Amino acid sequence: MSVPSSLKVGPNTTLILAKKRYLIFYIFLIWISIFTIQFEFWLYWNWLYGPTLTEPKVFIHFLLLLPFLVFVMYLTSILVSLFFAKVILVIINLIHKPREGVFLRHHSDKDYRYWSLRSTIKKWPLWLSHKFPFPFMNNICSKMFGIKTNYSNSLFEGWVDTEFIEFGKNIVVGQGAIVQSSVIFGNLFIIRKTIIEDNVMIGTQSVVMPGTYMKKNCILGGHSMTTVGQELEENWIYLGAPAKKFKKNVFYEDGLEEIIKNQGIGEIKTEARFEGLYTVRKDKEINSD
Amino acid sequence: MKQVIKKQMNSNPEKEKIDDSKVDYTIDFVTTSAISKIGYKFLVLYLPILWLSGYMTVAVFFDVSSYIPWYINMFLIPVWLFVLYFIFVFGIAIFTKAFILIINMLHKPKEGVFRAEEGDRDYEFWRLRVELKKIVFWFMNNGPLTWIVMWGFRWMGIKVDFSSHAQDSWVDERFIEFGRNVTVGQGAVVMSSQIVGRYLIIKKIFLGDHTVVGGLSLISPGTIMGKESVIGAFSATIPNQKIETGWIYLGPHFARKLKPNKYAEQRRDVIYEVRVDDEIKYEVKQEVNIDEDKKKLLNNNIED
């Protein structure tokens with residue numbers, strides 16, 4: 001929410017237009033949300049204060065309530081665009097049901113086309129709710145679009161895809177982190193379900209690829225990345241790109257305050273452990289097959 | 001080809017096994033700062049802040065514009081929008097500071113290791129302060145002039161000089177000290193708090209004079225950077241790491257010594273020196289795509 005523009009991972013990451021005519025839905029959503037704002041302001045002006053606005057007492061009332069009105073106008077614009085986007089999405093999902101799998105990244109492929117259409121429709125309400133200073137709007141937005149999530153999660157600093165994602169409780173997505181359920185590899189387009197269980201922490205600027213299954217109490221450190229379809233075990237800390245086991249997560253035990261506090265400067269002797277985190281590319285294996 | 005990709009998708013990359021018996025309590029990895037844990041009950045405080053600053057801007061507009069004839073006002077609308085935005089932002093900064101002064105009287109912020117659960121007094125107050133400061137930084141970061149966020153940092157209690165630059169990065173709310181002329185790169189995260197499992201660690205960060213933090217790098221709590229040290233792009237320091245003076249560090253997950261920072265010495269002593277006589281002159285022959293019979297003309301020109 002308060003992340004500077006250079007750290008931001010916007011909602012436009014999913015949007016790749018398969019066909020330009022999908023923009024009609026996008027423009028329609030923008031139009032209808034601005035139209036309702038206009039209507040609201042007109043009501044406020046006419047119905048409440050219309051003829052008597054020149055009187056000084058009424059004018060002060062008008063000024064006092066104007067900041068609230070702006071706030072409410074923004075809120076309604078989100079809710080209206082969200083409602084209409086949901087209606088359109090329900091109709092589209094009746095025509096073609098979204099499903100997991102490996103597809104061709106070409107506009108002749110039906111799944112790719114409909115995925116593009118869905119993300120075009122979601123773009124405007126998502127953008128509005130990301131720009132909203134109150135963070136709960138993101139949770140409402142992603143719940144409406146069909147993510148299983150809880151209000152105890154915080155998904156505001158990074159980017160979370162809006163379909164085929166299942167969240168548990170108490171999850172933290174760090175600043176600039178990305179949780180994906182769809183990814184493009186050259187000509188292939190992959191959708192797989194990402195499941196994240198309770199108490200998981202995703203570190204700063206790390207990437208969770210589609211199909212990742214993160215079990216309870218595991219931590220993915222900062223600057224790390226999972227592979228497609230990777231399983232992270234319970235109670236482990238993972239680091240590296242691709243993520244590897246680093247050590248056991250003992251930080252859910254009680255009474256460690258003193259131990260953590262007494263770790264002085266210069267006690268770190270673990271340089272050698274970090275060598276294992278860097279992987280060599282395996283181009284040769286692929287060529288031999 | 002498809003089969004190979006499917007194989008790789010289903011296989012787990014980690015094959016080596018690590019001993020389960022050894023229990024390691026050292027924290028030598030980076031997770032996230034505590035800003036992303038949100039308490040919804042604290043959001044109530046946004047309403048008075050937004051309303052007060054919003055009312056201030058609206059009142060200023062109607063009061064001042066009533067003295068100016070309407071056709072000049074119409075001309076000045078873009079200027080008005082620009083000015084009103086900044087009046088709004090500074091209003092938010094002022095009213096938030098007032099709230100924070102009251103909150104700090106109730107509970108003094110301190111360093112240490114705390115439980116990251118509801119009920120812990122330090123954790124709750126940390127979240128409350130972060131929640132309040134976020135709205136200030138949010139409006140400053142989303143405006144047309146992002147460098148005013150440096151003023152915002154200073155106003156909200158981070159020790160920072162106007163000679164340093166950190167406007168393109170996330171900086172936590174307290175316990176951070178900048179020296180002179182510090183540059184923090186784009187997308188870097190300077191965090192003085194970190195959540196690991198059930199624990200919230202808060203420790204002071206010190207960035208010395210003339211230090212440089214590269215783009216997308218992470219500075220975790222307890223880091224001390226000496227004078228003229230450099231942390232490269234996409235690298236991270238682990239908690240309590242000490243960066244020696246005049247060295248360049250690099251590496252994701254854990255910054256390691258790369259080489260001494262000789263660029264800083266140059267900056268210090270040498271007033272740029274260029275010897276014109278010793279300069280090497282390069283001659284480059286280029287092929288030009290023209291007709292054969294006209295190439296003679298071109299060569300003649302060069303010789304002249």
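Select B:Phe206 first: B:Ile224 of strand E11 in chain B stands opposite B:Phe206. A strand here is a DSSP run of E with at least two residues, numbered from the N terminus. This is a predicted model, where local features need pLDDT of at least 70 and side-chain atom pairs count only at pLDDT 80 or more, while totals for chains, interfaces and linings use all residues. Residues are numbered from 1 along each chain as its sequence is written, and chains are lettered from A in the order in which they are written.

Now show residues 205-207 and 224-225 of chain B. These are strands E8 and E11, which run parallel and are joined by two bridges. Two strands pair if DSSP finds at least two bridges between them.

Widen the view to the sheet in chain B. Its four strands follow the order E3-E8-E11-E13, open and with parallel pairing. Which strands stand at the edges? Select 176-178 (E3) and 242-243 (E13) of chain B. Each has a single partner strand, so one side of each lacks a neighbour in the sheet.

Next, go to B:Leu216. B:Leu216 sits in the loop between strands E9 (212-213) and E10 (218-219) of chain B. Its phi is positive, near 60°, and the residue is not glycine. Most residues other than glycine have a negative phi. Is B:Leu216 buried or exposed? B:Leu216 is buried, with 22 C-beta neighbours inside 10 Å. Buried means 20 or more other C-beta atoms within 10 Å of the residue's own, with C-beta atoms placed from the backbone.

Finish in chain A, at A:Asn217. A:Asn217 lies in the loop between strands E11 (213-214) and E12 (219-220) of chain A. Phi of A:Asn217 is positive, about 60°, although the residue is not a glycine. A:Asn217 is buried, with 21 other C-beta atoms within 10 Å.

Technical notes
A residue is buried if 20 or more other C-beta atoms lie within 10 Å of its own, exposed if 12 or fewer, and partly exposed in between; C-beta atoms are placed from the backbone.
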